[in-house]
Amino acid sequence: MRLQIPAPAATSAELVSRAQMLRRGAAWRRTPLGCHIDGSERLRTGRRQFSISLLRTDAFKEEPPVSEKPQTNDDQVKEIVAKHGKQSFRPSVPSKSSSSALRATTKHKGGRGASLAVPVKEKIEDKVELVKDDKKKKPIHDYSVRPTTYLHLAEEDDYAIFKKYPTVTSSRVAQLTSAKDPQRPKRVSMLTRDFIDDSLYNPHYGYFARQAMIYSPDKPFEYSQIKSPDDFVNEWSSSYKRYDKILEKKPDDPDSIPQLWHTPTELFQPYYGQAIARYLLLNYLVSLYPYHDLVIYEVGGGNGTLMLNVLDYIRETHPDVYERTRYNIIEISGALADKQASHLLTKVESQGFSDKVRIYNKSIFDWTVDVPEPCFFIALEVFDNLAHDSIRYNHVDNKPYQGYVVVNDMGDFEEHYSPELDYWSERFMTLRKEVLPDLDLTKIRGHPLSTPPFLRRMKAMLNPLAHDLTAPEYIPTRYLQFLEVLNKRFPEHRLLASDFTYLPNSIKGYNSPVVQVMLRKQMITVESYMVLQGYFDILFPTDFELAAALYAKICGRVATVATHSSFLEQWADLDATTTKDGENPMVSFYQNAAFMCT
């Protein structure tokens with residue numbers, strides 16, 4: 001729900017360089033600035049920029065490292081692998097070879113080019129078991145380096161592996177795990193989205209249930225006293241010192257390493273939250289006041305800072321509206337829900353808020369209460385952590401195949417594809433054609449179908465390790481489920497969402513995620529989402545044109561997309577966050593992000 005960054009234990013020169021990078025980027029397309037009360041639109045040319053510096057290491061890829069990026073010492077990583085065995089930080093991938101698990105696993109006529117045909121299995125959720133490791137008997141692995149991944153050599157053929165295990169969902173796995181015995185599942189298969197969802201949100205070993213920590217400054221920055229954005233970064237880095245002892249604690253033990261990341265809400269508090277509050281207030285006063293209360297729902301509330309800033313601003317500027325305000329947080333992480341409740345009781349600015357706030361420690365997908373009254377629904381940096389499904393296309397007829405992750409007896413991950421799409425993947429394919437009828441996938445740069453079929457087949461013939469399917473496309477099926485919840489449970493909602501339009505260092509594929517972990521104060525990215533559950537953040541970019549079209553189709557409301565800077569220029573107090581040299585880091589940072597609002 002955010003991008004992680006290495007704690008800035010860096011030199012001043014490196015920090016200045018990082019700040020320059022945050023403000024540098026390629027030209028972005030013209031984007032309508034919406035969210036106007038009169039319905040008008042303005043066009044503004046934005047700039048695509050990176051909001052983060054991500055590091056790679058040659059320990060997780062078998063190609064020459066990029067020279068200008070710092071590397072992790074190979075011997076150090078090997079020590080971690082030796083200490084934690086097969087479930088350390090290596091990506092576990094298909095058995096036999098990267099091609100065999102993806103190639104047809106039943107007999108086909110015509111040889112190469114035949115479609116992968118794996119029959120769809122019925123879900124047998126009740127037969128799943130969570131197998132404990134036998135500490136006395138250590139499994140034998142072959143960690144031979146094959147093209148770009150580590151592979152485990154399986155003795156069984158691929159289809160036999162696929163059909164022998166029951167297919168389970170992430171919710172079913174969550175039911176079978178416990179805090180006392182948080183075993184990860186074995187001998188099961190899962191849809192790609194369920195595997196990713198389990199990796200991120202399992203209540204006992206998921207990424208957000210373990211060591212997730214959100215950076216928060218001791219006090220707001222005084223921008224009028226800061227010379228430039230470069231000096232702002234220096235002050236920002238100084239505030240990180242209080243996290244150093246935590247980050248240095250047992251640096252070789254991944255279970256003790258907190259995953260520290262930042263959000264604009266925390267970095268630019270309280271001014272970022274005040275901008276959100278102005279948007280909410282003005283839209284409420286124009287369309288809902290005095291007939292309805294100001295009801296706010298925030299999904300993924302982080303430390304609770306946005307809640308405090310919004311309520312504090314409403315109380316100071318519109319006390320009459322404050323009396324009619326109710327703020328609700330839906331938070332899947334138990335640790336963050338506890339922190340939100342703690343801040344509600346201990347923060348000075350939160351005094352008097354307790355009767356205004358309710359915190360629900362649950363997933364939005366488990367929400368069962370109907371909210372018929374008009375409300376504002378806030379989702380800041382939520383879309384990026386909504387799980388996606390993996391789709392590959394056949395070289396011959398462009399038929400889509402849906403990805404599964406098989407966790408075998410050894411605990412290794414193998415990827416398999418079926419020609420039968422499940423309900424949500426099939427629905428996405430259908431809705432995409434309906435909402436964007438002029439969309440031609442063969443003309444989208446980077447899409448697997450943009451390469452002509454004969455060229456794809458030729459490459460497959462020339463590469464002995466190639467398979468009959470394209471590179472993957474990751475489709476936002478979990479986002480569709482999110483929209484269904486909004487439409488069914490919050491029929492009178494008004495959405496305000498923000499997320500990343502582009503992410504650097506993503507894995508191979510179209511609309512692919514970044515898979516990253518913080519290790520020894522370095523952000524390390526890997527090249528597969530099939531990694532040990534709970535240790536890696538998996539986050540996706542958002543195609544806001546498609547997201548807005550799907551939202552209009554499912555929820556029946558028109559959403560307007562604005563660049564991150566355009567939204568803040570309209571709603572934020574720019575003077576409060578402008579440095580002495582006239583630049584505004586709150587506006588110039590996070591240029592690879594956008595807002596969507598109704």
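Axes here are lines fitted to C-alpha atoms, for helices over the stretch in contact, and angles run from 0 to 180 degrees between N-to-C directions. Helices (H or I, at least four residues) and strands (E, at least two) are DSSP runs, numbered from the N terminus. This is a predicted model, in which local features need pLDDT of at least 70 and side-chain atom pairs count only at pLDDT 80 or more, while totals for chains, interfaces and linings use all residues. Residues are numbered from 1 along each chain as its sequence is written, and side-chain values use heavy atoms, with hydrogens and water left out.

**Helix packing**

Two packed helices are described by the angle between their axes and the distance between the axes.

| Helix pair | Angle between axes | Axis distance |
|---|---|---|
| α13 (residues 423-435) and α16 (residues 544-555) | about 95° | 10 Å |
| α9 (residues 271-287) and α17 (residues 564-571) | about 70° | 9 Å |
| α9 and α10 | roughly 55° | within 8 Å |

Angles under 35 degrees count as roughly parallel, over 145 as roughly antiparallel, 65 to 115 as roughly perpendicular and the rest as oblique. Let's start with α13 and α16, which are therefore roughly perpendicular to each other. Their contact (heavy atoms within 4.5 Å) involves Arg427, Phe428, Leu431, Arg432, Glu434 and Val435 on the α13 side, with Leu546, Ala549, Leu550, Lys553 and Ile554 on the α16 side. By residue class, this contact has seven nonpolar, no polar and four charged members. For these classes, Ala, Val, Leu, Ile, Met, Phe, Trp, Tyr, Cys and Pro count as nonpolar, Asp, Glu, Lys and Arg as charged, and the others, Gly among them, as polar.

A crossing is left-handed if the near helix is turned anticlockwise from the far one by less than a right angle, and right-handed if clockwise. From α9, the residues Tyr272, Ala275, Ile276, Arg278, Tyr279, Leu282 and Asn283 meet His564, Phe567, Leu568 and Trp571 of α17. Eight nonpolar, two polar and one charged residue make up this contact.

With α10 (305-317), the axis angle makes α9 oblique, and the crossing is right-handed. Gly273, Gln274, Ile276, Ala277, Arg278, Leu280 and Leu281 of α9 touch Leu306, Asn309, Val310, Tyr313, Ile314 and Thr317 of α10. This contact divides into eight nonpolar, four polar and one charged residue.

**Loops around α9 and beyond**

The peptide bond from Gln269 to Pro270 is cis, with omega near 0°, and Pro270 sits in the loop between α8 and α9. Tyr289 and Pro290 are also joined by a cis peptide bond, with omega about 0°; Pro290 belongs to the loop between α9 and β10. Elsewhere, Glu381 has a positive phi near 50° in a residue other than glycine, and its place is in the loop between β13 (375-380) and β14 (389-393).

Rolling a probe the size of a water molecule over the atoms shows where empty space is left. On a 1 Å grid over the protein atoms alone, a cavity is a set of points where a 1.4 Å probe fits but cannot get out, and lining residues have an atom within 4 Å of a point. Grid points are joined across faces, edges and corners, and a volume is the space filled by probe spheres set on the points.

The whole structure holds seven cavities of 30 Å³ or more, and the largest cavity contains about 220 Å³ of space. It is lined by 20 residues, of which Thr263, Gly300, Gly301, Gly302 and Leu380 are the closest to its centre. At least two lining residues come from each of α8 (264-267), β10 (294-299) and α10 (305-317), and α8 gives the largest share, three residues. The lining of the largest cavity comprises eight nonpolar, eight polar and four charged residues.

Definitions and conventions:
1 Å grid on protein atoms, 1.4 Å probe; cavity = no way out; pocket = protein on both sides within 12 Å on 5 of 7 lines; lining within 4 Å.
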